[in-house]
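Me: I would like to go through a structure with you, one topic at a time. Could you help me read it?

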Amino acid sequence: MIEVKKLVKRFGLKVILRGLDFHVEPGEFVALLGPNGAGKTTFLRILSSLSRPSMGEVQVAGYKLPHEAAQVRARLGVVSHLPLLYPDLTAEENLRFYARMYGIEDQEQRLTEVLEMVGLEHRRKDLVGAFSRGMQQRLAIGRAVLHDPEVMLFDEPYTGLDQDASEMLDEVLRSVAAKGRTVVMTSHDLARAEDLATRFDILSRGVIATSATRDDLKTTNLLAFYKQSLES
Amino acid sequence: MQAKPTALKVLDIASILVLAISTYLALFFAPTELVMGAVQRVFYFHIGTAWVGLLGFILAAGSGIIYLITKDMKWDRFEVAAVEVSTVFFFLTIVLGSIWARPAWNTWWTWDPRLTTAAITELIYIAYFMLRQGIDDPERRARFGAVYTLLGGVSAPVTFMVIRLFRSIHPVVIGAANANQEKMSMTPDMRVAFFFALFAFTVIFIDLIWHRLRLGNMEEKVEQLKLKVSM
Amino acid sequence: MKRSSPSLLKATLAIVQKDLAAEFRSRELISAMLVFSLLVILIFNFALELDIKVRQSVTAGVLWTTFAFAGTLGLNRSMSVEKDRGCIDGLLLAPVDRSAIYFGKAISNLAFMLIVEAIVLPVYSMLYNVNLFRLDLLGVILLGSIGYTAVGTLLSAMAVQTRTRDVLLPILLFPIAVPVLLASVKASNGLLAGAEFAEVLTPLNILIVYDIVFIAVAFMVFDFVVEE
């Protein structure tokens, strides 16, 4: 589903990603872990077509970036730590706007469906500006799955959420966003990543340093694995 | 550090020489203009600096377009060099023009099309540097710089056209003279001084751009070395 | 579920409608522009001693200065709203042509500016007892506002991505927008002084040329401004 070969990303002279290889099978849920400044967000921005690779090949859902960006965008949903919603519009108006931007037909039906999925049907006429952080993030997930994407990217989705909100978001991520889709997530929250993901890739110094599947971690836990990979 | 290339050394000396010759031609060789007197001699340098100022502006817009197409940072460095050098020359043009204007029109400054356009162009340059200063990512800085020089390059001629709608008192030196504008006629000796000044400032311009480009390349090297040391 | 990438026109319309709906709810942007405009006119009143004689020659200048200042306020805000909550990424992630984002934002900005102008003009007319509601003058104002927002939208997209974004937009915009402001003042002045339409044709032509050229240039370079 995602195929990255020898990806290099430079900002001026600074090299952020140095020949990164990355591969995701359809249906996998990959957690991308690593220290600050390792290039996780940059990598996700490249996968989401917001940033151009300096060198290397990137393929998402069978289309090459950056040349076939429009096809990739139509098959991609992104949830970041910012909700990407307009506070002066209601929940339903926000979704309607994005539905139009994605060219979705039967807008109203899909809108209701999505609002029900993220549990905000009763608040559909309320302004997003009045929503709590957790509700905004749930609506952001609704926004991201509106066009039923094949690939989902989560960039630190838990930032700024308290324990309850995080748990609720977990539930929505699992049942709505990840179901039947291919997912790549970056997070600092190892415990949540351990719960959700099927594979764990450690990004360090611009490359994937180590990778382990859920089965590989049976004898050890994620935290130990994470520490060990960064030390080596 | 790379040694200064021989060609550049030669060009440095040539620049000093042509500047000296041009000064001689302007101050002693050319005859004194009948109407305006000795102050008219400032005209040769005024035109010389204005010409390279304009040349730099056009080159900057051109290299901006090439940068946007090729994304090669070399063109960004050329654009910065061209803008920097012509900012200085344009400033000189305005100052020299003022010196000339004081006795000729009895005022330091008039809102004449050429003067005003020159001033606005200078402001576009200044805005250009402020824009670049506010951006950390070198690629974004280069992209925005290129877009802005392009906009400036399109806007400046239109500005000139618009201000021309207001009456002008600036003498038309070359090209069709407006019937109600004073036309300055040049004697052959004046022509020599005039064209030599154009030539001299073109040489100086190329020399300075070359120096600025070399400086840009060295800055880049320093950054690279710093990065290597910090890792 | 059926979906198809929306056309340029549909995406542009979606953005315009979104902006207008948000603005009609909060009224943040238009009310700020409006109050600011009235304050500028008030200051001009004292600074220039706008008695009948002076007024005739400076009305066009006062109006366009006011529109230009209020315009930067609106342009800056309209783009900051997209940038602050990452909404610009949301727009860029949609499978639509980038030009739709430019045209959408430019048309909303133009709408905001025209709304403010539509309120300022009658107020000015009432305060100073001149009739500014003339079809030819409104035409000049429309042409001038189109050129101003065409460049302003592009430059505000650049300004919000810099560290000095709060102060940068007017510095970038004014020198580039000089032709449009001067031609607008020239044409408005002529019309207000009772000149024939043929006499203001030259500044009008320049306005039209500026509008077309800068919409075309902005359309071509907008990709470079929003893409990394």
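Me: How many residues has helix α6 of chain C, and how far does it reach from its first C-alpha to its last?
Reply: Helix α6 of chain C, residues 135–159, has 25 residues and reaches 35 Å, close to the 36 Å expected at 1.5 Å a residue. The expected span is 1.5 Å times one less than the number of residues in the helix. Helices are DSSP runs of H or I with at least four residues, strands are runs of E with at least two, and both are numbered from the N terminus. Please note that this is a predicted model, in which local features need pLDDT of at least 70, side-chain atom pairs count only at pLDDT 80 or more, and totals for chains, interfaces and linings use all residues. Residues are numbered from 1 along each chain as its sequence is written, while chains are lettered from A and ligands numbered from 1 in the order in which they are written.

Me: Why is α6(C) described as largely enclosed?
Reply: Of its 25 residues, 19 are buried, so α6(C) is largely enclosed by the rest of the structure. A residue is buried if 20 or more other C-beta atoms lie within 10 Å of its own, exposed if 12 or fewer, and partly exposed in between, with C-beta atoms placed from the backbone.

Me: Which residues does Val151(C) contact, leaving aside those within four places in sequence?
Reply: Val151(C) is in contact with Leu151(B) from chain B, and with Leu173(C), Ile176(C), Ala177(C), Phe214(C) and Ala218(C) from chain C. Two residues are in contact if their C-beta atoms, placed from the backbone, lie within 7 Å.

Me: What about the nonpolar core: which residues have the most contacts inside the largest one?
Reply: They are Ala197(B), Val151(C) and Leu172(C), in a core of 194 residues. Helix α7 of chain C, residues 165–192, provides the largest share of this core, with 13 residues. A nonpolar core is a set of buried Ala, Val, Leu, Ile, Met, Phe, Trp, Tyr and Cys residues joined through C-beta atoms within 7 Å.

Me: Tyr210(C) next. Is it buried or exposed?
Reply: Tyr210(C) is buried, with 28 other C-beta atoms within 10 Å. It is placed in helix α8 of chain C, residues 201–226. Not counting residues up to four places away in sequence, Tyr210(C) touches Val158(B), Gly147(C), Pro179(C), Val180(C) and Ala183(C).

Me: And how far apart are Tyr210(C) and Leu143(C)?
Reply: They are 67 residues apart in sequence and 9.4 Å apart in space, C-alpha to C-alpha.

Me: Moving to chain B, what is its pattern along the sequence?
Reply: The pattern of chain B is α-α-α-α-α-α, with six helices and zero strands. Buried residues make up 39% of its 231 residues.

Me: What covers the buried residues of α4(B)?
Reply: The cover includes α2 (42–70), α3 (73–105) and α5 (138–164) of chain B, together with α7 of chain C. Among the buried residues of α4(B) are Leu115(B), Ile120(B), Tyr125(B) and Leu131(B).

Me: Now chain A. How many helices and strands are there?
Reply: Chain A has eight helices and ten strands. Its radius of gyration is 18 Å, close to the 17 Å that the globule rule gives for 232 residues, so chain A is as compact as a globular protein of that length. The radius is taken over C-alpha atoms, and the rule is 2.2 Å times the number of residues to the power 0.38. Of the 232 residues of chain A, 48% count as buried.

Me: Where is the cis peptide bond?
Reply: The cis bond joins Leu65(A) and Pro66(A), with omega about 5 degrees. Pro66(A) is found in the loop between β5 (63–65) and α2 of chain A.

Me: How many residues do chains A and C each bring to their contact?
Reply: Chain A brings 28 residues and chain C brings 26. On the side of chain A, α3(A) gives the most, with four residues.

Me: Which residues does Pro6(C) touch?
Reply: Not counting residues up to four places away in sequence, Pro6(C) touches Arg100(A), Met101(A), Gly103(A), Ala11(C) and Val96(C). Pro6(C) lies in the segment before α1 (8–26) of chain C, and it is buried, with 22 other C-beta atoms within 10 Å.
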